Amino acid sequence: MSLLSAIFNFQSLLTVILLLICTCAYIRALAPSLLDKNKTGLLGIFWKCARIGERKSPWVACCCVIMAFSILFLQ
């Protein structure tokens with residue numbers, strides 16, 4: 001499934017957003033300077049996703065488990 005079709009499918013869009021949040025939080029944990037220097041502008045989206053992943057990590061983890069369950073067993 002291509003990324004363009006993820007825009008039109010709500011579940012795929014949520015999966016892409018969750019993966020983006022988790023990836024940005026992981027990258028910021030490994031190398032904080034990569035995301036901290038771009039807090040504004042277009043690249044600031046990645047910094048914001050990393051902050052969401054850090055501050056709301058129990059909620060993001062719960063959403064990842066629910067999404068994985070729905071992808072594995074409901075599709």
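The structure is a predicted model, in which local features need pLDDT of at least 70 and side-chain atom pairs count only at pLDDT 80 or more, while totals for chains, interfaces and linings use all residues. Residues are numbered from 1 along each chain as its sequence is written, and side-chain values use heavy atoms, with hydrogens and water left out.

## Overall architecture

The secondary structure of the protein chain consists of five helices and zero strands, where helices (H or I, at least four residues) and strands (E, at least two) are DSSP runs numbered from the N terminus. Read along the sequence, this gives the pattern α-α-α-α-α. The C-alpha trace spans about 40 × 25 × 15 Å along its principal axes. Of the 75 residues in the chain, 23% are buried; buried means under 20% relative accessible area, exposed means over 50%, and partly exposed lies in between, with a 1.4 Å probe and protein chains only. Among contacts with a separation of 6 or more, 51% join residues 24 or more positions apart, a contact being heavy atoms within 4.5 Å.

The UniProt record, an unreviewed entry, places the feature "transmembrane region" at residues 57-74; UniProt positions are given in the numbering used here, feature names are shortened, and annotations may be inferred rather than shown by experiment. In the model this span is 94% helix and 0% strand, and its end C-alpha atoms lie 25 Å apart.

Two packed helices are described by the angle between their axes and the distance between the axes. Here the axes are lines fitted to C-alpha atoms, for helices over the stretch in contact, and angles run from 0 to 180 degrees between N-to-C directions.

For helix α2 (residues 10-30) and helix α5 (residues 57-73), the axes come within 11 Å and cross at roughly 140 degrees. The two helices are therefore oblique to each other, given that angles under 35 degrees count as roughly parallel, over 145 as roughly antiparallel, 65 to 115 as roughly perpendicular and the rest as oblique. The contact is made by Q11, L14, T15, L18, I21 and C22 of α2 together with V60, C63, C64, M67, S70 and I71 of α5. These residues divide into nine nonpolar, three polar and no charged, where Ala, Val, Leu, Ile, Met, Phe, Trp, Tyr, Cys and Pro count as nonpolar, Asp, Glu, Lys and Arg as charged, and the others, Gly among them, as polar.

The axes of α2 and helix α4 (residues 44-55) come within 7 Å and cross at roughly 90 degrees, and the helices are therefore roughly perpendicular to each other. On the α2 side the contact involves L20, I21, C24, A25 and R28, which meet F46, W47, C49, A50, R51, I52, G53 and E54 in α4. By class, this contact has nine nonpolar, one polar and three charged residues.

## Individual residues

| Residue | Relative accessibility | Class |
|---|---|---|
| T15 | 19% | buried |
| P32 | 36% | partly exposed |
| L35 | 11% | buried |
| V60 | 10% | buried |
| I71 | 35% | partly exposed |

V60 lies in helix α5 and, not counting residues up to four places away in sequence, touches L18, I21, C22, I52 and G53. The C-alpha atoms of V60 and C22 are separated by 7.9 Å, although the two residues are 38 residues apart along the chain.

I71 is also found in helix α5 and touches Q11 and T15, again leaving out residues up to four places away in sequence. Its C-alpha atom is separated by 9.6 Å from that of S12, a residue 59 residues apart from I71 along the chain. T15, which lies in helix α2, is in contact with M67 and I71 once its neighbours within four places in sequence are left aside.

L35 is found in helix α3 (residues 32-36). With neighbours within four places in sequence left aside, L35 is in contact with C24, I27, R28, F46, W47 and A50. L35 and A25 are 10 residues apart in sequence and 9.5 Å apart in space, C-alpha to C-alpha.

P32 is found in helix α3 as well. The C-alpha atoms of P32 and Q11, 21 residues apart along the chain, are separated by 30 Å.
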